[in-house]
Amino acid sequence: MTRAARGGGRAMRGGAGERSPARPARLTGARAHARYEALVARAMTAEDPVAALRAAAEDPALPPALRRALLGADEDGVRLSALLVARLRFERLLRGSPEAEAWFDRDPAEFSAAFRRYHAEVPPTAFFPPGEARLFRRWIEARSAPARAR
């Protein structure tokens, strides 16, 4: 059987240089690893980090080895890592923001609910308490801006 008869010829695929719309270009090298790291970082802030990693493994643009790595992650390790990320962000925020600390002291339940939303919506990019405080302040301001516009 010839290559073209098996569906492997260029005429069957739409010619050289064209890509099937059903299959996106697969990332390679640094771009693939950057995408992988971004997917893992988002999973660490998801409500269900294990499910988020499993969903990320479906990304057809990732090379098979990185997709297998996402699927092969230890579930307990993923959950523990996500808890540590949340705890570190929480501690950085309270150390960097007297306003957040006062809110937590005044109403722990309300602050904790707000922190959970913040943690899910804002990627963890700060390394030190002042940076986390700035991210939280911007998030609070962005949430209150539509109310002020009314």
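Student: Which residues are buried in helix 3?
Tutor: In this predicted model, Pro49, Val50, Leu53 and Ala56 are buried in helix 3, residues 49-56. Buried means under 20% relative accessible area, with a 1.4 Å probe and protein chains only; helices are DSSP runs of H or I with at least four residues, strands runs of E with at least two, numbered from the N terminus.

Student: Why do they line one face of the helix?
Tutor: Seen down the axis of helix 3, the buried residues fall within an arc of 125°, so they line one face. The arc is taken over the directions from the helix axis to the C-beta atoms.

Student: What do the buried residues of helix 3 pack against?
Tutor: They pack against helix 2 (29-43), helix 4 (64-71) and helix 5, where contact means heavy atoms within 4.5 Å.

Student: How many helices and strands does the chain have?
Tutor: The chain has eight helices and zero strands.

Student: And what is the mean pLDDT?
Tutor: The mean is 85, and 81% of the residues reach 70 or more; pLDDT is the predictor's confidence in each residue, from 0 to 100. Over residues 1-18 pLDDT stays under 50.

Student: What are the ground rules for the values?
Tutor: Residues are numbered from 1 along each chain as its sequence is written, and side-chain values use heavy atoms, without hydrogens and water. Local features need pLDDT of at least 70 and side-chain atom pairs 80 or more, whereas totals for chains, interfaces and linings use all residues.

Definitions and conventions:
Buried < 20%, exposed > 50% of the residue type's maximum accessible area, 1.4 Å probe, protein only.
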